[in-house]
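Thank you all for coming; I would like to walk through one structure with you, slowly, and say at each step which criterion stands behind each word. Please have a look at it first.

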Amino acid sequence: MLDWSDRYCRYFHRLISRHTQLYTEMVTTGALLHGDTARFLDFFEEEHPVALQLGGSNPEELAQCARLGQQWGYDEINLNLGCPSDRVQSGRFGACLMAEPALVAECIAAMRESVSLPVTAKHRIGIDELDGYQRLARFVETLAEAGCRTFIVHARKAWLQGLSPRENREVPPLRYESVYRLKRDFPHLEFVLNGGVLNLDQAGKQLQQVDGVMIGREAYHNPWILAEVDRRLFGSTAHPGSRHQVIERLMPLVERECARGVPLKRITRHLLGLFHGQPGAKRWRRHLSENAHLPGAGPEVLEQALSLVPRH
Ligand SMILES: Cc1cc2nc3c(=O)[nH]c(=O)nc-3n(C[C@H](O)[C@H](O)[C@H](O)COP(=O)(O)O)c2cc1C
């Protein structure tokens, strides 16, 4: 999630769930090919399985970026076809590409030819007036012919004019039925439902109709919802232990990163919601918010914050 998640966030979430598939925020082909490639692509070994999400619409550039992603060790390459921001539309990538299925198919085919990793798509159920089911089904069919097998579907349309990206995640209604129908019409393809899922009970219900569930905002604000994923959804016996233990397991990374000059806040900003709904949650948040950004703040700030929350 652009501006929210990064590799520190993913490292932390991985301590809570071993098996959940994690995704990078969208990285544009321009940034990767003309910017500081390592800054965008470096990740921690512990993050696996992790997918690199790309934004772009030039098949050759996307192929190059997919190759870079494979070299860097990512497990999946995902193409963003759902982001509605103005910046994205002027660059001709993200959600506006849902109006150009043939071009997207070319992009998918070019990426698939250049890597052995799965190439997946994340899209909406429609854009603007182009929001009928038949059009959506043709879009999926066209991408499938180019070799896409997995579709992550944010189950609401996007209005490209007039709504902010934030409104585009809230205002258009969720239409899960469109995703269920895709699964029924294309049973050989994999559909991952996204949008508005808040807990594992809801995820479990969705999984009766679709192959996977992607959780965005709630996983960020309330990461402990991931704690039961391995046991409940992956049939594993693994459990992260307590919230305190997760922070204790995070500590060596915090020490290492602070020692090499990474500001503490870059890591702790992802931890604020860990105790959501628990006694001491407010003290935890407040201590981190008031201290982690101060000059010289280090791992001791995190230790202090943890000591303010009752252990149970
Ligand atoms: C701050 C923020 C940044 C986001 N950035 C991305 C992104 O880079 N790529 C993407 O595919 N979706 C992005 N999204 C959308 C989410 O992945 C997801 O599709 C959307 O929030 C709906 O799912 P949710 O209700 O579980 O949050 C972003 C969402 C937010 C709130």
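This is a predicted model: local features need pLDDT of at least 70, side-chain atom pairs count only at pLDDT 80 or more; totals for chains, interfaces and linings use all residues.

When I say that one part covers or touches another, I mean contact in the sense of heavy atoms within 4.5 Å. Residues are numbered from 1 along each chain as its sequence is written, and side-chain values use heavy atoms, with hydrogens and water left out.

Helices (H or I, at least four residues) and strands (E, at least two) are DSSP runs, numbered from the N terminus, and buried means under 20% relative accessible area, exposed over 50%, and partly exposed in between, with a 1.4 Å probe and protein chains only. In helix H14, the buried residues are Ala281, Trp284, His287 and Leu288. Seen down the axis of H14, these fall within an arc of 140°, so they line one face of the helix; the arc is that of the directions from the helix axis to the C-beta atoms.

Helix H15, residues 299–307, has Pro299, Val301, Leu302, Ala305 and Leu306 buried. Their arc around the axis is only 155°, which means that they sit on the same side of H15. Among the elements that cover them are helix H12 (243–259), helix H13 (264–268) and helix H14 (281–291).

Which of the 16 residues around the ligand come nearest? They are Gln53, Asn194, Gly196, Gly216 and Arg217. For polar contacts, the criterion is a pair of N or O atoms within 3.5 Å; within protein, one must be able to donate a hydrogen and the other to accept it, and residues adjacent in sequence count only if both atoms are side-chain atoms. A polar side-chain atom of Gln53 is 2.7 Å from a nitrogen atom of the ligand, an N or O atom in the side chain of Lys122 is 2.8 Å from a ligand oxygen, and a polar backbone atom of Met26 lies 3.0 Å from an oxygen atom of the ligand. Taken alone, the ligand exposes 600 Å², of which the protein buries 90%; these accessible areas come from the Shrake-Rupley method with a 1.4 Å probe, and for residues only the protein chains shown count as cover.

The side chain of Thr24 reaches the backbone nitrogen of Gln53 at 2.9 Å, and Thr24 is buried, with a relative accessible area of 5%. Leaving aside neighbours within four places in sequence, Thr24 is in contact with Arg10, Val50, Ala51, Leu52, Gln53 and Tyr74.

Two backbone details deserve a check in your own viewers. His48 and Pro49 are joined by a cis peptide bond, with omega about -10°, and Pro49 is in the loop between helix H3 (37–41) and strand S2 (50–55). Asp128, although not a glycine, has a positive phi of about 45°; this residue belongs to the loop between strand S4 (119–124) and helix H7 (133–145) and is partly exposed at 22%.

Arg92 is in the loop between helix H5 (86–90) and H6, partly exposed at 41% relative accessibility. The side chain of Arg92 makes a polar contact with that of Glu100, at 2.6 Å.

Finally, the cysteines: how many disulfides does a search of the whole structure find? The search finds 0, a disulfide being a pair of cysteine sulfur atoms within 2.5 Å. For Cys96, the closest cysteine sulfur is that of Cys83, at 9.3 Å, too far for a bond. Cys107 is in no disulfide either, the nearest cysteine sulfur being that of Cys65, 11 Å away, and Cys107 is buried at 1%.

How values were computed:
A residue is near a molecule or strand if one of its heavy atoms lies within 4 Å of it.
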